[in-house]
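Open the model in your viewer and keep the selection panel at hand.

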Amino acid sequence: MRTSYAAEVTLSDGQRFASLGGVTVRNRRLALLWLRRQALRLANAHGNAVRDELPADVRPVRFHGSDAPEGLRFWATDAYRQDDAIRTLEAGFPLHFTVTDPAVGLSLTLAGWHASPATPL
């Protein structure tokens with residue numbers, strides 16, 4: 001049996017919760033790679049159409065300030081935070097990173113976790 005990892009991007013206003021998309025992949029590195037891609041896409045797009053969209057990419061979000069996009073970009077490009085993220089997944093703990101758009105009170109969370117063993121391929 002092969003293990004799998006899941007990753008998801010969610011949005012919340014404190015009362016409602018919505019999934020923007022997610023994937024299940026065969027290892028933690030692919031889960032982190034997918035989360036980094038989504039963080040950079042969301043940070044760079046600011047809710048505009050993105051030309052390099054893949055079928056597994058999350059829906060875009062329109063941020064009202066620069067705090068959330070800057071936080072996403074920093075998390076995705078900072079070597080220390082990426083090393084910490086892969087170590088968190090490697091240790092079997094769930095990974096959560098949340099940024100807030102204070103102008104409208106929205107929170108966007110990137111999450112990754114070890115899923116149950118996948119069926120053999």
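Contact here means heavy atoms within 4.5 Å. By class, the α2 contact with α3 holds five nonpolar, two polar and one charged residues.

Now draw the axes. Those of α2 and α3 come within 5 Å and cross at roughly 70 degrees. Axes are lines fitted to C-alpha atoms, for helices over the stretch in contact, with angles from 0 to 180 degrees between N-to-C directions. The pair α2 and α3 is therefore roughly perpendicular.

A word on what is on screen. This is a predicted model, in which local features need pLDDT of at least 70 and side-chain atom pairs count only at pLDDT 80 or more, while totals for chains, interfaces and linings use all residues. Residues are numbered from 1 along each chain as its sequence is written, and side-chain values use heavy atoms, with hydrogens and water left out.

Color by pLDDT, the predictor's confidence in each residue, from 0 to 100. The protein chain averages 87, and 86% of the residues score at least 70. Switch to secondary structure. There are three helices and four strands, in the order β-β-α-α-α-β-β from the N terminus. Helices (H or I, at least four residues) and strands (E, at least two) are DSSP runs, numbered from the N terminus.

**Next: α1 against α2**

Select helix α2, residues 67-77, together with α1. Their axes lie 8 Å apart, at an angle of about 145 degrees. Which way does the crossing of α1 and α2 go, left-handed or right-handed? The α1 and α2 crossing is left-handed. That label applies if the near helix is turned anticlockwise from the far one by less than a right angle; clockwise gives right-handed.

Show side chains. On the α1 side, the contact includes Leu32, Leu35, Ala39 and Leu42. Their partners in α2 include Pro69, Leu72 and Trp75. The residues of this α1 and α2 contact divide into 10 nonpolar, two polar and two charged.

**Then: α1 against α3**

Select α1 (residues 28-45) and α3 (residues 79-90). The angle is about 140 degrees, and the axes are 10 Å apart. α1 and α3 are therefore oblique to each other. Their crossing is right-handed. Arg28, Arg29, Leu32 and Arg36 in α1 meet Gln82, Ala85, Ile86, Leu89 and Glu90 in α3. The contact of α1 with α3 has four nonpolar, one polar and four charged residues.

**Last stops: two strand residues**

Go to Leu110 in strand β4. Buried or exposed? Leu110 counts as buried, because its relative accessibility is 1%. Buried means under 20% relative accessible area, exposed over 50%, partly exposed in between (1.4 Å probe, protein chains only). Leu110 touches residues including Leu35, Ala39, Leu72, Trp75 and Phe97.

Finish at Ser4, in strand β1 (residues 2-12). At 6% relative accessibility, Ser4 counts as buried. Its C-alpha atom is separated from that of Arg28 by 7.8 Å.

Definitions and conventions. Parallel < 35°, antiparallel > 145°, perpendicular 65-115°, else oblique. Nonpolar A, V, L, I, M, F, W, Y, C, P; charged D, E, K, R; others polar. Lists of a residue's contacts leave out its neighbours within four places in sequence.
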